[in-house]
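This briefing is for a reader who is meeting the structure for the first time.

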Amino acid sequence: MDTKKRGDLNINGFGSANGGQFHQVTIKGKGTVNSDIECVVFDCNGSGTVNGNVITNKAKVNGNGKIKGHLECKMLTVDGTAKIENNLNVENFKVAGKASIGGRVKAEEISIKGRLTVEGDCEADSFKAESHFMIGGLLTADHVDIKLFGECKAKEIGGQTILINHKPALMGLFKHFIQTQLETELIEGDKIELENTKAAVVRGNQITIGANCEIGLVEYTDELSVDKKATVKDSRKV
Amino acid sequence: MSEELISKKELLDIAGISYGQLYRWKRKDLIPEEWFIRKSTFTGQETFFPKEKILERIDKIQTMKENLSLDELADMFSPNVTELHLTNDELVKRNIVSSAVMDLYLKTEMGGQHFEFSRILEVFVLEKLLQSGEINLDEGKMLLQVLKDNRGLIKQKNGELVLTRKLGVSSCLLLINAEDVKFEQGTKIVVQLSLVKCMEEIKANLL
């Protein structure tokens with residue numbers, strides 16, 4: 001792809017433009033792009049809306065970005081609020097704000113410090129979160145590492161190692177108001193360590209159930225240890 | 001088709017793989033989404049798989065993953081056809097098609113010498129069935145026509161080719177995402193061939 005000859009698209013202030021192929025797309029202010037964009041760098045600093053799909057190398061949302069289609073990129077950094085109404089395909093996905101995806105997420109690395117909402121499945125090689133999240137489908141990654149900050153939900157979680165820790169709230173005062181708990185129907189993995197988790201079924205080889213867990217059924221093959229402060233209704237070795 | 005199902009637990013046990021591997025292969029699209037069948041059991045929801053298909057697929061993955069990366073494997077299994085372009089000479093040279101069948105194909109189809117994937121598939125199917133002696137020349141031509149008319153569908157969907165004979169009259173059907181097909185009594189099913197499997201075979205031969 002010869003990208004050197006392409007022009008840039010800049011929207012400063014209030015404006016709208018049509019999509020197309022660009023080198024760099026920058027939206028500062030309130031900009032609307034009315035069709036699909038293919039570019040090398042996509043930068044949204046103010047309030048940007050794309051009424052179409054975006055294919056890019058590097059995407060950055062610092063303000064308020066909305067893509068009414070799907071986004072395909074190598075690297076996506078969200079420091080503000082991003083909303084993607086369709087699927088997200090990305091290699092490296094970083095969120096330090098709020099991201100919501102209407103479709104499914106396919107990524108290599110996901111790291112979240114903020115809030116993530118995914119309507120469909122969320123797939124990655126590694127999933128790291130210190131946040132709130134809501135995943136409507138399956139969360140799967142080789143390494144799932146979650147530090148719970150608030151209320152988290154996923155329909156199912158599956159992977160190789162699954163670590164879910166409870167991070168003590170900084171402001172002790174609010175501790176009782178904000179519930180830090182992960183709720184899910186099913187967790188499956190080879191090595192599982194849980195805290196503050198409510199799950200119907202947990203299956204795996206080595207399972208550690210920590211404090212404040214509420215588990216319906218645990219099925220394990222090698223080891224199981226249960227904390228005193230956890231409730232496990234039924235457990236069996238298979 | 002009521003296939004025999006296998007639960008996820010049994011599968012991991014029989015195949016000797018871990019949850020991590022299974023989920024990884026699922027992520028890389030090595031195992032199609034449709035094979036994950038959810039059913040409620042007395043312990044809650046469990047996932048089941050069509051036994052034969054999944055065991056065969058896992059066997060393939062395990063034998064081939066030594067030589068190929070997971071992404072390459074995914075390309076092989078996906079019915080979305082890769083960008084393949086070959087000429088008739090190359091196909092003959094690579095032993096995918098014999099020169100006799102190639103001549104026949106070119107004569108019937110009257111296309112150029114440039115083969116993209118759907119034409120490779122057509123000629124491969126023809127070769128396979130003619131060489132095995134299951135069909136005759138006329139049936140081969142009929143079959144080609146069916147494949148040719150439905151090129152668009154075959155690329156995206158799970159197609160299956162069926163050739164039947166009754167009282168000496170043969171007819172050819174293309175099943176798209178079909179579960180099962182029944183015939184009246186006395187109909188002989190000469191050939192039932194999954195096109196996705198053929199694609200895999202071609203890809204395996206070409207790699």
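In this predicted model, chain B holds an open sheet of three strands, ordered E7-E6-E8, in which the pairing is antiparallel. From one strand to the next, the twist averages 15°. Strands of a sheet pair through backbone hydrogen bonds, and they may do so in either a parallel or an antiparallel way.

**The sheet in chain B**

- Strand E7 (169-176) and strand E8 (188-194) of chain B stand at the edges of the sheet, and because each has a single partner strand, one side of each is left without a neighbour in the sheet.
- Strand E6 (residues 159-166) of chain B is joined to E8(B) by six bridges, and these two strands run antiparallel.
- Within E8(B), Leu193(B) is the residue that stands opposite Leu161(B).

**The helix across the strands**

- Helix H8 (residues 137-149) of chain B lies across E6 and E7 of chain B, and its direction makes an angle of about 25° with E7(B).

**The contact between chains A and B**

- Chain A contributes 16 residues to the contact, while chain B contributes eleven residues.
- On the side of chain B that touches chain A, helix H2 (19-27) and strand E3 (44-50) of chain B each supply at least two residues.
- H2(B) gives the most to that side of chain B, with six residues.
- Sorted by class, the side of chain B that touches chain A is made up of five polar, four charged and two nonpolar residues.

How values were computed
Residues numbered from 1 in each chain as written. Chains lettered and ligands numbered in written order. Predicted model: local features only at pLDDT ≥ 70, side-chain atom pairs only at ≥ 80, totals over all residues. Contact = placed C-beta atoms within 7 Å. Helix = DSSP H or I, 4+ residues; strand = E, 2+ residues; numbered from the N terminus. Nonpolar A, V, L, I, M, F, W, Y, C, P; charged D, E, K, R; others polar. Pairing = 2+ DSSP bridges. Axes fitted to C-alpha atoms, helices over the stretch in contact; angles between N-to-C directions.
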